[in-house]
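Please read each point with the coordinates open.

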Amino acid sequence: MNSKLNIISLAALILIEILFCSCNQKHKSTEKEIEFALLVEKKIKLEESTKPIGYIGGALVTKDSLLYILDYSASDIKIYNLNGGLVNSMFSKGNGPLNLRTPRSFALFNDKVIVGDVGFYSFKLFNNNGKELKTSIFINGIRPIGGDTKFIDVNSILSTGFWDYEFNGESKSASNSCIIFDTSGNIKKRFGKYPLQYEKFKYLDGSSFLDINNFGDFVIVYSQSPDISIGNIYRDNIFEYKYPEIEGKYIISDLENAKPTEEFWNQVNTKIFYNTGVHFLTDSLIVRSLSRHNIESVKSGSFVSAENYIELFTIDGKKIKEFKTDGTLIAVQKKTNLLFFESSDLPDNRIITICKIKIH
């Protein structure tokens, strides 16, 4: 009887071991690291127009695969298909209702177009795909100076990149804040501030870039700060700072006695570090683009000829991957994982490289 029990016990132990090994193997397989690859899909040469592109100040790709490019120099928006053909253009430089003076950001929502224009001290909101001016949105004490603008819904706009200036004899403080405003110019929320660690080094203050996902999560970067700021527009405490691993290289993060490191001064003196944009690739994956200048690119003033990179971050600010890229990232087409890089900024040879991030 005892021998039978021993045999049964042994068999049970063997079965448990087999089941444990099997479960452990399954657990290990689910822990397999996600791999990312950046693959070139194709290169396109943008068709030349009567007003060649001077400087790309912003770009986006629509669901129907049209590439919209904001041209600072021509004060217009040019529209291309993904073979590089010029499909249409919006606006021209001037003082009329359908003109722009100094455009610095834009966004689309159905048939509506909004443009942040420094020259008009306002956002201009157009209907009918840019063919009719609906209204000029003036926000007391604030003007757009650069950065990004996004529609939240048809009557709510999120924008960043503002500057202090006097209004009715009173000094207004709005530098580099973000605001949510409606089409009448009423501010619904104001939040965000240039990171405290850099308050004593104002020459790092500059344009800021943002994006927002389908759940109200937003991400902000400043042109010359290594920080990434992440929050959510629907929460009371909506602004959180996340510091990627690069941050500690530039400044000692003591708010009371903040001081620059030697690497910081190297960066300031040679202008080697610039953020050039930030995008949600998916609702939980962030892409930041940055340029590290070399002597040649500093002399030419060209970001394209600099060393260009993109970094991937999770929604909680964890850096997971870095890629060196052929040019500066100008746009992302969500859901397709397509990224659009300006690879040549020569006036007669504007090349856009379209890449895809593969997730394994």
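1. At 1% relative accessibility, Phe123 counts as buried, and the ring with which Phe123 pairs belongs to Phe181, a residue that is likewise buried, with a relative accessible area of 0%. Please keep in mind throughout that this is a predicted model.

2. The geometry of this pair deserves a check: the ring centres of Phe123 and Phe181 lie 4.8 Å apart and the planes meet at 40°, so the pair is classed as tilted. Phe123 sits in strand β10 (residues 122-127) and Phe181 in strand β16 (residues 178-181), so the contact ties together parts of the chain that are 58 residues apart in sequence.

3. How many aromatic pairs does the count come to? The count comes to 4 aromatic pairs, and another of them, that of Phe109 and Phe151, is also described as tilted, with 5.4 Å centre to centre and 45° between the planes. This pair links distant parts of the chain, with Phe109 in strand β8 (residues 103-109) and Phe151 in strand β12 (residues 149-153), 42 residues apart.

4. Arg104 lies over the face of Tyr72, at 4.1 Å from the ring centre, and the charged end of Lys124 sits over the ring of Phe120, 4.1 Å from its centre.

5. Turning to salt bridges, a search of the whole structure finds 10. Side chains of opposite charge can pair when their charged atoms come close. Lys319 takes part in a salt bridge with Glu311, where the closest N and O atoms are 3.3 Å apart, and in a salt bridge with Glu322, where the corresponding distance is 3.0 Å. Lys319 is partly exposed, with a relative accessible area of 23%, while Glu311 is buried at 1% and Glu322 is partly exposed at 32%. Through salt bridges that share partners, Arg288, Glu311, Lys319 and Glu322 are joined into one network.

6. Which residue forms a salt bridge with Arg350? The partner is Glu342, with the closest N and O atoms 2.6 Å apart, and both Arg350 and Glu342 are buried.

7. Strand β19 (residues 217-222) is mostly covered, with 6 of its 6 residues buried. In a regular strand the side chains alternate between the two faces of the sheet. Here Asp217, Val219 and Val221 point one way from β19, and Phe218, Ile220 and Tyr222 point the other way, all of them being buried.

8. The neighbours of β19 complete the picture. Strand β18 (residues 208-212) runs antiparallel to β19 and is joined to it by 5 bridges, and Ser208 has Tyr222 as its bridge partner. These two strands form a hairpin with 4 residues between them, in whose turn Gly216 has a positive phi of about 85°. Strand β20 (residues 228-232) also pairs with β19 in the antiparallel sense, over 4 bridges, with Ile220 standing opposite Ser229 in β20, and a hairpin of 5 residues joins β19 to β20.

Note on methods: Residues numbered from 1 in each chain as written. Predicted model: local features only at pLDDT ≥ 70, side-chain atom pairs only at ≥ 80, totals over all residues. Heavy atoms only, no water. Buried < 20%, exposed > 50% of the residue type's maximum accessible area, 1.4 Å probe, protein only. Pairing = 2+ DSSP bridges. Salt bridge = Lys/Arg side-chain N within 4 Å of Asp/Glu carboxyl O. Phe/Tyr/Trp six-rings, centres within 6.5 Å; stacked < 30°, edge-to-face > 60°. Lys NZ or Arg CZ within 6 Å of the ring centre and 35° of its normal.
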